[in-house]
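Dear colleague,

I am handing over the structure below, and after it you will find my notes on what came out of the analysis. Please read the notes with the coordinates open beside them.

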Amino acid sequence: MPQSFPPTIGDFSILPVSVPALPSYPHAVTHHIYVRRNAPKIPTEDDSRSLFLTNVPVDSTELHLRGLFTALVGAGRFESATFEGERKSPSSEMELLPGQATRLAAHSKKRKREGEEAEKAKEEAAARLPSTWSRPLRRSGGTAVVLLADEKSVERTLKAIAKAHKTRRYPTWGEGVSGRVPALGSRWLKAHARLSYPDKAAVEESVNAFFTLFNRHEQEAAELAKRLRNEPDEDGFVTVTRGGRTAPASRSEAEEARRKMLERAEKRKAELSNFYRFQLRERKKAEQDELLKRFEEDRKKISAMREKRAKFRPEV
């Protein structure tokens with residue numbers, strides 16, 4: 001009698017997968033993958049059409065997951081898969097950068113175009129040493145994020161998993177991928193031994209690409225530091241550079257830089273206020289009217305004082 005499994009545990013739907021017998025282990029087994037809607041701590045625009053998988057098999061590849069989802073909901077629904085070790089972290093993007101560029105990268109507000117991003121990814125890939133494994137193995141109990149065509153595909157996948165529990169017809173792991181991915185076992189280890197000693201020209205090309213990328217980032221960091229010199233940030237702090245190196249400024253230097261910056265701002269403000277000629281004419285006219293008004297007031301005061309003085313008679 002086949003063993004029964006609960007369809008869900010918490011937020012996860014349990015997807016049983018039939019793993020066929022192998023020469024190394026001649027017994028068919030059932031592996032359980034836990035699936036739920038993707039809900040990362042930092043939301044993205046693709047969360048509504050992606051699924052979070054945990055306990056993926058150690059030999060998982062994108063082709064394996066594509067075949068699995070094709071068996072569940074048909075072709076054309078699966079788009080891509082990102083495994084736990086392949087997720088792009090903020091540190092991985094900066095690992096090729098020099099220290100100065102890493103510190104100043106947060107100040108850069110320039111948005112790169114899509115073509116520039118693709119070119120950047122291509123350069124970084126060329127700057128890495130050749131891989132020594134023909135195919136990666138996943139961590140036991142590892143995770144992955146699967147991106148589907150649309151939100152409807154996510155709903156159809158979850159319904160297909162529930163239906164698989166009722167019919168007891170589970171998808172077969174690795175069906176249709178034979179010959180499309182490098183084999184494991186002894187051939188995998190032999191390929192690793194061969195790739196561990198790459199061609200000298202390939203290594204030299206990667207090293208040259210790395211230093212080209214490194215030097216360009218160093219130059220960009222120096223230019224960025226020059227632009228940021230004596231400019232206060234959002235919190236009012238000033239970065240003062242000495243001798244081309246970024247270093248914290250003393251309090252007196254920071255205050256002096258801030259004072260000069262405020263003087264320049266006031267000067268620009270005054271220049272802008274007098275930018276239009278008609279405004280300048282109106283202001284001069286108003287000043288003249290104010291001077292005439294004060295002159296008349298002073299003249300009347302003097303006349304009143306003279307009249308009062310003429311009427312004064314001292315007692316004898």
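Six strands form an open sheet in the order β1-β2-β3-β4-β6-β5, with antiparallel pairing, where two strands count as paired if DSSP finds at least two bridges between them. The edges are taken by β1 (8-9) and β5, each of which has a single partner strand, so one side of each is left without a neighbour in the sheet. Helices (H or I, at least four residues) and strands (E, at least two) are DSSP runs, numbered from the N terminus.

Before going further, please note that this is a predicted model, in which local features need pLDDT of at least 70 and side-chain atom pairs count only at pLDDT 80 or more, while totals for chains, interfaces and linings use all residues. Residues are numbered from 1 along each chain as its sequence is written, and side-chain values use heavy atoms, with hydrogens and water left out.

As a whole, the protein chain has nine helices and eight strands, and 23% of its 316 residues count as buried, where buried means under 20% relative accessible area, exposed means over 50%, and partly exposed lies in between (1.4 Å probe, protein chains only). Its accessible surface comes to about 23600 Å², of which 54% belongs to carbon and sulfur atoms; these areas come from the Shrake-Rupley method with a 1.4 Å probe, and for residues only the protein chains shown count as cover. Among the contacts in the protein chain with a separation of 6 or more, 69% are between residues 24 or more positions apart, contact meaning heavy atoms within 4.5 Å.

Seven of its seven residues are buried, so β6 is largely enclosed by the rest of the structure. In a regular strand the side chains alternate between the two faces of the sheet. In β6, G142, A144, V146 and L148 point one way, T143, V145 and L147 point the other way, and all are buried. Strand β4 (residues 50-56) pairs with β6 in the antiparallel sense over six bridges, and L53 stands opposite A144 in β6. Strand β5 (residues 78-83) also runs antiparallel to β6, to which it is joined by five bridges; here S80 stands opposite L147 and F78 stands opposite L148.

**Helices α1 and α5**

Helix α1 lies across β2 (12-19), β3 (29-37), β4, β5 and β6, and runs at about 135 degrees to β5. Helix α1 (residues 62-73) also packs against helix α5 (residues 151-167), at an angle of about 80 degrees and with the axes 9 Å apart. Axes are lines fitted to C-alpha atoms, for helices over the stretch in contact, and angles run from 0 to 180 degrees between N-to-C directions. The helices α1 and α5 are therefore roughly perpendicular to each other, on a scale where angles under 35 degrees count as roughly parallel, over 145 as roughly antiparallel, 65 to 115 as roughly perpendicular and the rest as oblique.

In this packing, F69, L72 and V73 of α1 meet R156, T157, A160 and I161 of α5. By class, the contact has five nonpolar, one polar and one charged residues, with Ala, Val, Leu, Ile, Met, Phe, Trp, Tyr, Cys and Pro counted as nonpolar, Asp, Glu, Lys and Arg as charged, and the others, Gly among them, as polar. T157, found in helix α5, is buried at 0% relative accessibility. Not counting residues up to four places away in sequence, T157 touches L51, F69, L72, V73 and L148.

**Individual residues to check**

Most residues other than glycine have a negative phi, and most peptide bonds are trans. N55, which is not a glycine, has a positive phi of about 65 degrees; it has its place in strand β4 and is partly exposed, with a relative accessible area of 23%. R168, again not a glycine, has a positive phi of about 60 degrees, lies in the loop between α5 and α6 (186-195), and counts as partly exposed at 39% relative accessibility.

Finally, T30 is found in strand β3 and is partly exposed, with a relative accessible area of 36%. T30 and T172 are 142 residues apart in sequence but 9.3 Å apart in space, C-alpha to C-alpha. Leaving aside neighbours within four places in sequence, T30 is in contact with F5, P16 and V17.

With best regards
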